[in-house]
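These entries record what I looked up in the structure.

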Amino acid sequence: DFEVTEAEFMEAQQDIVYFNFEERVSHLVGYLYLKMKRKKWIKRWCVVQDGKFASYSEKPNDSGSDIKKRRMSQEIIIIPLDTIETIKLSDESSSCFIIQTEGNSQNYHFRCDSEDEVTVWIGGLYHHINSELRDPLKREAAETRQAPVIQQGILQQRRRGFWKKFWFCLKNGFIVCYLARHRGNLTKRPKYKLALFDCKIEEYEGEKYNYSAFQITTQTGEEIVLQADNSEDMLFWINAILKEKFLIE
């Protein structure tokens with residue numbers, strides 16, 4: 001007979017949960033409640049696709065039947081992912097979160113059915129934002145953000161077994177990568193931006209005697225390995241990232 005230990009069973013259960021979470025994040029759809037004027041909550045069908053967060057007054061009809069387009073257009077809220085400034089938990093409830101767009105032009109308050117759903121939606125939105133911002137074919141020229149830069153400087157990134165220098169800055173819940181020659185010039189187009197929500201930061205152990213490298217891993221498995229000039233500089237970066245994580249989580 002084949003016997004499974006309790007530890008093996010628990011590990012298998014964790015794998016199943018992670019798989020379900022990743023699948024859920026990749027196809028981010030479902031009902032949320034949107035806070036309207038006079039603190040009224042309205043149930044809406046929400047979808048993240050094609051670089052946009054869309055909120056409908058009702059679930060769209062996929063059958064192709066006629067819809068009153070004028071009425072429907074008035075009941076759709078579209079938020080381009082590249083205009084989202086921050087996504088954070090609401091102070092009023094652990095099952096609510098807030099989407100803030102660039103320049104604080106608009107805040108959208110959403111409520112989920114449970115705290116677990118909040119984690120899925122916030123993590124999923126950041127995952128899709130990462131996908132958008134790291135794809136140069138989908139990204140427009142970068143716009144200067146109003147958020148203060150928490151930390152910036154030259155770091156080396158490990159890519160295909162080699163180290164290459166880039167200019168990184170940390171702000172607004174993202175670590176942003178620029179070409180080294182664009183150091184200090186945040187008006188240039190970044191190579192990519194990585195959302196730090198619910199990410200994991202740890203020292204890099206892939207190279208023996210390398211005590212100045214660290215690794216960032218998102219909840220969906222994206223990884224970047226960075227190296228500072230020395231171990232002290234590495235600790236400055238790790239502490240800055242942890243502080244930024246604390247603010248957005």
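I counted a salt bridge where a side-chain nitrogen of Lys or Arg lies within 4 Å of a carboxyl oxygen of Asp or Glu. The model is predicted.

**Entry 1: salt bridges.** By that criterion I found three salt bridges in the structure. In one of them, the side chains of Glu-92 and Lys-35 come together with an N to O distance of 3.2 Å. Glu-92 sits in the loop between β5 and β6 and Lys-35 in strand β1 (residues 29-35), so this pair ties together parts that are 57 residues apart in sequence. I noted both as partly exposed: Glu-92 has 46% relative accessibility, and Lys-35 has 25%.

I then looked up Glu-207 and Arg-158, whose side chains form a salt bridge at 2.5 Å, N to O. This pair also links distant parts of the chain, with Glu-207 in the loop between β12 (200-203) and β13 (213-217) and Arg-158 in strand β8, 49 residues apart. Glu-207 is partly exposed at 24%, and Arg-158 is partly exposed at 26%.

I recorded a further salt bridge between the side chains of Glu-202 and Lys-200, at 3.7 Å, N to O. Glu-202 is partly exposed, with a relative accessible area of 30%; Lys-200 is likewise partly exposed, at 49%.

**Entry 2: strand β8.** I followed the strand that carries Arg-158. Strand β8 (residues 151-159) runs antiparallel to strand β9 (residues 162-171), and nine bridges join them. Ile-154 has Trp-167 as its bridge partner in β9. Two residues lie between the strands of this hairpin, where Arg-160 adopts a positive phi near 55°. β8 also pairs with strand β14 (residues 223-227), in the antiparallel sense and over two bridges.

**Entry 3: Ser-90.** I returned to the loop between β5 (84-89) and β6 (96-101), which also holds Ser-90. Ser-90 is buried, with a relative accessible area of 11%. Its side chain reaches the backbone nitrogen of Glu-92 at 3.2 Å. Leaving aside residues up to four places away in sequence, I found Ser-90 touching Cys-96, Phe-97 and Ile-98.

**Entry 4: cysteines.** How many disulfides are there? With sulfur atoms required to be within 2.5 Å, I counted zero disulfides. Cys-169 is in none, and the nearest cysteine sulfur, in Cys-177, is 9.5 Å away. That distance is too far for a bond. Cys-169 is buried at 0% relative accessibility, and Cys-177 is buried with a relative accessible area of 0%.

Definitions and conventions:
Residues are numbered from 1 along each chain as its sequence is written. This is a predicted model: local features need pLDDT of at least 70, side-chain atom pairs count only at pLDDT 80 or more; totals for chains, interfaces and linings use all residues. Side-chain values use heavy atoms; hydrogens and water are left out. Buried means under 20% relative accessible area, exposed over 50%, partly exposed in between (1.4 Å probe, protein chains only). Helices (H or I, at least four residues) and strands (E, at least two) are DSSP runs, numbered from the N terminus. A polar contact is a pair of N or O atoms within 3.5 Å; within protein, one must be able to donate a hydrogen and the other to accept it, and residues adjacent in sequence count only if both atoms are side-chain atoms. Contact means heavy atoms within 4.5 Å. Two strands pair if DSSP finds at least two bridges between them.
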